[in-house]
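Student: I would like to go through this structure feature by feature. Please give the general idea each time, then the case here.

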Amino acid sequence: MVGLLLTIFGLAASAVYALAATMRTFGRITPDITSSVVERARKPDDIARIERAARFIAARRRSSYIANWKVIRLKRAAAASGAAVVGLLAMLMAVLLTIV
């Protein structure tokens, strides 16, 4: 019974974490949005370059946070899958012990 519960919980948790890791849950920050390009075209070159560089840095930082968040979810999915395997092994051992 415990093996069955562990297996079901492990598979469900693994599916939820894997889905969370693969979903695009955050909008991307793109520094080259049309309105930004038009806005920068009206500014002096030095200011436009500085603003574009700042937007690239902000987009890179946010992407890094999202990537780290997704890696954590994948690790949790792997741990939950491991729990499901342990549950399956427990059920197999229980069946084998009742047969022998």
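Predicted model: local features only at pLDDT ≥ 70, side-chain atom pairs only at ≥ 80, totals over all residues.

Tutor: Residues are numbered from 1 along each chain as its sequence is written, and side-chain values use heavy atoms, with hydrogens and water left out.

Student: Which secondary structure does the chain have?

Tutor: Helices (H or I, at least four residues) and strands (E, at least two) are DSSP runs, numbered from the N terminus. Here there are three helices and zero strands, in the order α-α-α along the sequence.

Student: Is Arg 73 buried or exposed?

Tutor: Buried means under 20% relative accessible area, exposed over 50%, and partly exposed in between (1.4 Å probe, protein chains only). Arg 73 counts as buried because its relative accessibility is 16%. Arg 73 lies in helix 3 (residues 45–99). Of the chain's 100 residues, 19% count as buried.

Student: What does Arg 73 contact beyond its neighbours within four places in sequence?

Tutor: A contact means heavy atoms within 4.5 Å. Beyond those neighbours, Arg 73 touches Tyr 17, Ala 20 and Ala 21. Across the chain, among contacts between residues at least 6 apart in sequence, 80% join residues at least 24 apart.

Student: And Ile 99: buried or exposed?

Tutor: Ile 99, also placed in helix 3, has 63% relative accessibility and therefore counts as exposed.
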